[in-house]
Amino acid sequence: MSDEKKANDFSRRGFIKGVGAGIAGSCVLPALENAAVAQDGTGQKAHAGKEVLSLTVNGKPVRVLVEPKTTLVEVLREHLQLTGTKLVCNKGTCGGCTVLLGGQAVYSCHMLALDAAGQEVTTIEGLMTGEELHPVQQAFVDKDGLQCGFCTPGQVMAAQALLLKHPQPTREQVLEGMSGNICRCAAYPNILASALAAAEKMRK
Ligand code: FES
Ligand code: FES
């Protein structure tokens with residue numbers, strides 16, 4: 001294997017590991033769906049007060065039993081094991097839990113799961129195509145748009161939402177569009193460069 005290929009491989013694996021993008025997570029959805037339906041059909045009393053939530057996550061229809069107070073991030077991380085979405089402040093202030101809801105960036109810790117019923121949710125796991133990183137993820141690798149990586153899934157999803165809205169964003173539009181995502185490592189210059197590089201990649 002050439003040095004360049006090894007370096008690319010290393011970057012890709014490191015990125016996937018670093019942001020906790022559980023590739024396997026998307027594979028468990030049908031099983032979870034079946035489990036939820038079985039519980040719904042056989043355990044009405046034990047699950048009193050819970051409701052069946054149907055939504056689409058990363059292109060797959062899922063149904064889970066939730067309490068009305070359950071947040072979207074809890075469904076993603078605890079019911080579906082999609083732990084790439086991080087729970088940081090749990091107060092709707094940092095953007096660490098950002099996912100796409102119908103193409104719009106939302107704080108999944110600040111949203112009741114039942115409010116996402118019938119809608120399309122995309123998480124960091126849903127951006128990849130097989131083993132191939134999405135252009136936004138690749139841009140974060142190429143431009144070193146992370147240090148500890150904890151805020152990175154949220155930053156990537158915010159950048160993706162921004163680029164869906166502004167495919168050719170100005171520097172100011174990137175700064176404004178991603179202003180809801182805090183990076184405690186202050187990797188902001190590289191995050192900005194990553195978002196601009198992603199826009200460039202996606203234009204090609
Ligand atoms: S964890 Fe949701 S905004 Fe901070
Ligand atoms: S890279 Fe560490 S919090 Fe952003």
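## Serine 194 in helix 7

In this predicted model, serine 194 is a residue of helix 7, and because its relative accessibility is 0%, serine 194 counts as buried, the cut-off for that term being under 20% relative accessible area. When residues up to four places away in sequence are left out, serine 194 touches Ala139, Phe140, Lys143 and Gly145.

## Packing of helix 5 on helix 7

Two packed helices are described by the angle between their axes and the distance between the axes. Helix 5, which spans residues 152-165, packs against helix 7, residues 188-203, at an angle of about 45 degrees, and their axes lie 10 Å apart; helix 5 is therefore oblique to helix 7. The crossing in which helix 5 passes helix 7 is right-handed.

On the side of helix 5, the contact is made by Gln155, Ala159, Gln160 and Leu163, while helix 7 contributes Ile191, Ala195, Ala198, Ala199 and Met202.

## The buried side of helix 3

Helix 3 runs over residues 72-79, and its buried residues are Leu72, Val73, Val75 and Leu76. Because these residues cover an arc of only 165 degrees around the axis, they lie on the same side of helix 3. Among the elements that cover the buried residues of helix 3 are strand 1 (51-57), strand 2 (60-66), strand 3 (98-101) and strand 5 (120-122).

Just after helix 3, the backbone at glutamine 81 takes a positive phi of about 55 degrees.

Note on methods: Residues numbered from 1 in each chain as written. Chains lettered and ligands numbered in written order. Predicted model: local features only at pLDDT ≥ 70, side-chain atom pairs only at ≥ 80, totals over all residues. Heavy atoms only, no water. Axes fitted to C-alpha atoms, helices over the stretch in contact; angles between N-to-C directions. Helix = DSSP H or I, 4+ residues; strand = E, 2+ residues; numbered from the N terminus. Parallel < 35°, antiparallel > 145°, perpendicular 65-115°, else oblique. Left-handed = near helix turned anticlockwise from the far one by under 90°. Contact = heavy atoms within 4.5 Å. Buried < 20%, exposed > 50% of the residue type's maximum accessible area, 1.4 Å probe, protein only. Arc of directions from axis to C-beta.
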